Amino acid sequence: MMTRLTPLVALLLVSLAVADEPRWIIGSANSDIANGARALLGGRNEVGIRLTLKGLENANNEEQEEVALSNLCAGYTNMGDYDTALRYCDILLQRNDRVWQAYNSKALIFINTRQYDKAEQALLKGEAINPDARSMKIARALYLDATQPVIPEVEVDDRDPNIR
């Protein structure tokens with residue numbers, strides 16, 4: 001049985017726990033992958049990545065490999081190691097292009113590196129797979145905030161404060 005837990009997204013990868021929308025996937029059949037996911041979920045990224053890499057080496061099937069790849073994609077994204085994160089995201093998507101979490105991580109990477117055209121592409125692909133995913137909606141909001149910032153319409157009255 002596989003348990004799916006909520007995501008952590010650091011700001012600029014927003015810190016957030018979202019029910020029903022896993023970013024971290026915990027598989028009980030491979031203790032290193034499961035413990036790695038728990039460490040990632042707890043914000044212990046280096047430990048989580050180390051355990052997940054070990055679990056990937058000992059994966060017994062394709063599902064365990066995909067779980068590990070997904071968690072490495074997200075873990076390296078949270079650490080800000082975008083090149084390594086993209087490598088794991090791309091490996092995962094070459095194997096299974098229906099993993100919306102990988103597109104979510106890629107979108108966040110591209111938003112944070114100001115590669116907005118690539119972010120839009122990743123968002124569209126992820127949204128096509130899971131249009132109701134709350135974390136995809138948050139990534140979309142971050143994208144819109146970066147590309148179409150809201151300009152406040154506040155008028156500052158800088159006249160003499162003694163005049164009423």
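Predicted model: local features only at pLDDT ≥ 70, side-chain atom pairs only at ≥ 80, totals over all residues.
Helices H4 and H5 pack at an angle of about 150 degrees with their axes 10 Å apart, where axes are lines fitted to C-alpha atoms over the stretch in contact and angles run from 0 to 180 degrees between N-to-C directions. The two helices are therefore roughly antiparallel to each other, a term used for angles over 145 degrees. On the H4 side the contact, meaning heavy atoms within 4.5 Å, involves residues including Tyr-82, Ala-85 and Leu-86, and on the H5 side residues including Ala-102, Ile-109 and Phe-110.

Residues are numbered from 1 along each chain as its sequence is written, and side-chain values use heavy atoms, with hydrogens and water left out.

Helices here are DSSP runs (H or I, at least four residues), numbered from the N terminus. H4 itself has 14 residues and reaches 20 Å from its first C-alpha to its last, close to the 20 Å expected at 1.5 Å a residue. Among its buried residues are Tyr-82, Ala-85, Leu-86 and Tyr-88, buried meaning under 20% relative accessible area with a 1.4 Å probe, protein chains only. What covers the buried residues of H4 includes H2, H3 and H5.

Which residues touch the most other members of the largest nonpolar core? Of its 31 residues, they are Tyr-76, Tyr-88, Ala-102, Ile-109 and Leu-123, a nonpolar core being a set of buried Ala, Val, Leu, Ile, Met, Phe, Trp, Tyr and Cys residues joined through side-chain atoms within 4.5 Å. The largest share of this core, eight residues, comes from H5.

Key:
Buried < 20%, exposed > 50% of the residue type's maximum accessible area, 1.4 Å probe, protein only. Expected span 1.5 Å × (residues − 1). Parallel < 35°, antiparallel > 145°, perpendicular 65-115°, else oblique.
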